[in-house]
Amino acid sequence: MNAIQTYIENLFKPLPDSREVRRARTELLQMCEDRYTELRNSGASDNEAVGQVITQFGNLDELADDLGIRTEVDTYRDSGVHLSNCLLYTSPSPRDATLSR
């Protein structure tokens with residue numbers, strides 16, 4: 001489940017630290033955790049459940065209206081960075097371990 005928490009934190013990292021964004025992050029994390037629990041209870045492995053949750057909830061661009069943060073997402077997107085790419089740039093790479101040696 002730590003993978004889901006990390007995923008959510010990385011999705012929200014580029015957005016401002018406002019009360020509304022914090023509320024949306026908490027709400028999305030709860031929805032993801034609930035779905036993860038449902039999948040695990042139905043027999044999915046940890047990796048399967050995490051993968052399905054991340055796939056199902058997609059990215060913030062798709063969820064902004066439901067979460068009530070459309071303005072924040074649009075403002076960030078207008079700055080030139082697309083939110084669906086944020087995880088790519090904020091996640092550690094296997095290459096990072098090699099570079100630190």
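Reader: In what order do the elements of the protein chain run from the N terminus on?

Author: They run α-α-α-α-α-α-α. In total the protein chain has seven helices and zero strands. Helices (H or I, at least four residues) and strands (E, at least two) are DSSP runs, numbered from the N terminus. This is a predicted model, in which local features need pLDDT of at least 70 and side-chain atom pairs count only at pLDDT 80 or more, while totals for chains, interfaces and linings use all residues. Residues are numbered from 1 along each chain as its sequence is written, and side-chain values use heavy atoms, with hydrogens and water left out.

Reader: What share of the residues is buried?

Author: Buried residues account for 33% of the 101 residues in the protein chain. Buried means under 20% relative accessible area, exposed means over 50%, and partly exposed lies in between (1.4 Å probe, protein chains only).

Reader: Which residues of the largest nonpolar core touch the most other members?

Author: They are Ile8, Phe12, Leu28, Leu60, Leu67 and Ile69, out of 23 residues in that core. Helices α1, α2, α3 (46–57) and α4 (60–67) each supply at least two residues of this core. The largest share, six residues, comes from α2. A nonpolar core is a set of buried Ala, Val, Leu, Ile, Met, Phe, Trp, Tyr and Cys residues joined through side-chain atoms within 4.5 Å.

Reader: Take Leu67, then. What does Leu67 touch?

Author: Not counting residues up to four places away in sequence, Leu67 touches Phe12, Glu20, Arg23, Ala24, Glu27, Leu28, Met31 and Leu60. Contact means heavy atoms within 4.5 Å.

Reader: And at what angle do α2 and α4 pack?

Author: The angle is about 105 degrees, and the axes are 11 Å apart. The two helices, α2 and α4, are therefore roughly perpendicular to each other. On the α2 side, Glu20, Arg23, Ala24, Glu27, Leu28 and Met31 meet Leu60, Leu63, Asp66 and Leu67 in α4. Axes are lines fitted to C-alpha atoms, for helices over the stretch in contact, and angles run from 0 to 180 degrees between N-to-C directions. Angles under 35 degrees count as roughly parallel, over 145 as roughly antiparallel, 65 to 115 as roughly perpendicular and the rest as oblique.

Reader: How far apart are the axes of α4 and α5?

Author: Their axes are 8 Å apart, with a packing angle of about 150 degrees. That makes α4 roughly antiparallel to α5. Leu60, Asp61, Ala64 and Asp65 of α4 make the contact with Arg70, Val73 and Arg77 of α5.

Reader: Changing topic: how many salt bridges are there?

Author: The count comes to nine salt bridges. A salt bridge is a side-chain nitrogen of Lys or Arg within 4 Å of a carboxyl oxygen of Asp or Glu. One of them joins Arg70 and Asp65, with the closest N and O atoms 3.0 Å apart. Arg70 is partly exposed at 23% relative accessible area, and Asp65 is exposed at 55%.

Reader: Which residues are linked in a network of salt bridges?

Author: Glu9, Asp17, Arg22 and Arg25 are linked in this way. Arg25 counts as buried at 18% relative accessibility, whereas Asp17 counts as exposed at 59%. Glu9 also forms a salt bridge with Arg25, the closest N and O atoms being 3.8 Å apart.

Reader: What does the pair of Glu9 and Arg25 tie together?

Author: Glu9 lies in helix α1 (residues 2–12) and Arg25 in helix α2 (residues 19–41), so the pair ties together parts that are 16 residues apart in sequence. Glu9 is partly exposed, at 39% relative accessible area.

Reader: Where is Leu15 found, by the way?

Author: Leu15 is in the loop between α1 and α2. Its relative accessible area is 8%, so Leu15 is buried. Leu15 and Tyr76 are 61 residues apart in sequence, and 6.7 Å apart in space, C-alpha to C-alpha.
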